Amino acid sequence: MKPTHSPAANVVTEQLTAAGRAIEHDSFAVIDREVASHAYTADQWPVVRRMIHANADFDFNGLTDFHPEAVDAAIAAIRSRASRVLADVEMICVGLSAPRLAHFGMGTHQFISDPDVISQAMAEGTTRAVQAMRKAHRLGLVDGAIVGIGNAPTALIEIVRLIHEEGARPALVVGMPVGFVSAAESKDLAALENEVPWIVIRGRKGGSTLVVAAIHALLGLAEAREHAA
């Protein structure tokens, strides 16, 4: 499939200055030109392209995998003004644009360094990431959320468990933990999920930067959908 371009009418999810917008759009044009072709849909490609833009790694053209309903589910959640981002680490929350989130009435949550999370992880012999996801579920923050996991495979595995065993229903799981122990396996596990849409990076690659890029792309698609409505 030939690369496709996102609508240019966005304001909130664009760079604030004309110079910034020009650099970003020129970068996207370079990516489109160098990729030449891809197998993604018109709504999926802007997500992959922004991930490539985030770290200049063209391997994400191919490694990125989507549940068929992932983009539509994310856009619906964002436009509902009732969703939120639940992250495994603070880096994702810091990296996301506060004004872009605020436009859609969204906030961010992460609990990885909370004292009760740490103490529970030590008591049960689990990771902080596992306990952080459990705390989020107890607080009612998983259902309807866009869950972004860029660091901890155990967080992604726990989200899958919460879906199957405790009926958790996030709007979307963005599963992109990076690493060498259980990272690839956690993403393969998430991609078997039928109850909840997901976006994953196959293999060892990933990271919080990629989660931020993917969510920013989804925010841009949601704004474009508003303009088209």
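**Figure 1. Packing of helix 4 against helix 11 in the predicted model.** In this predicted model, the axes of helix 4 (residues 70-79) and helix 11 (residues 208-228) come within 9 Å and cross at roughly 70°, which makes helix 4 roughly perpendicular to helix 11. Helix 4 contributes V71, D72, A74, I75, I78 and R79 to the contact, and these residues meet L218, L219, L221, A222, R225 and E226 of helix 11. By residue class, the contact between the two helices divides into eight nonpolar and four charged residues, with no polar ones.

**Figure 2. The buried face of helix 4 and the residue that follows the helix.** The buried residues of helix 4 are A70, V71, A74, I75, A77 and I78; seen down the helix axis, they fall within an arc of 165°, and they therefore line one face of helix 4. The elements that cover these buried residues include strand 1, strand 4, strand 5 and strand 6, together with helix 11. After helix 4 comes R81, which has a positive phi, near 60°.

**Figure 3. Strand 4 and its pairing with strands 2 and 5.** Strand 2 (residues 85-87) pairs with strand 4 (residues 146-149) in the parallel sense over three bridges, with V85 standing opposite I146 of strand 4. Strand 4 also runs parallel to strand 5, to which it is joined by four bridges, and here I149 has G175 of strand 5 as its bridge partner. In a regular strand, the side chains alternate between the two faces of the sheet. Strand 4 is covered on both faces, with I146 and G148 buried on one side and V147 and I149 buried on the other.

**Figure 4. Strand 6 and its pairing with strand 5.** Three bridges pair strand 5 with strand 6 in the parallel sense, and V173 stands opposite W198 of strand 6. From strand 6, W198 and V200 point one way, whereas I199 and I201 point the other way, and all of these residues are buried.

**Figure 5. The buried face of helix 10 and the elements that it packs against.** Within helix 10 (residues 183-190), the buried residues are A183, A184, S186, K187 and A190. Viewed down the axis of helix 10, these residues fall within an arc of 165°, so that they line one face of the helix. The elements against which they pack are helix 9 (153-166), strand 5 (172-175) and strand 6 (198-201).

Methods
Residues numbered from 1 in each chain as written. Predicted model: local features only at pLDDT ≥ 70, side-chain atom pairs only at ≥ 80, totals over all residues. Heavy atoms only, no water. Pairing = 2+ DSSP bridges. Helix = DSSP H or I, 4+ residues; strand = E, 2+ residues; numbered from the N terminus. Axes fitted to C-alpha atoms, helices over the stretch in contact; angles between N-to-C directions. Parallel < 35°, antiparallel > 145°, perpendicular 65-115°, else oblique. Contact = heavy atoms within 4.5 Å. Nonpolar A, V, L, I, M, F, W, Y, C, P; charged D, E, K, R; others polar. Buried < 20%, exposed > 50% of the residue type's maximum accessible area, 1.4 Å probe, protein only. Arc of directions from axis to C-beta.
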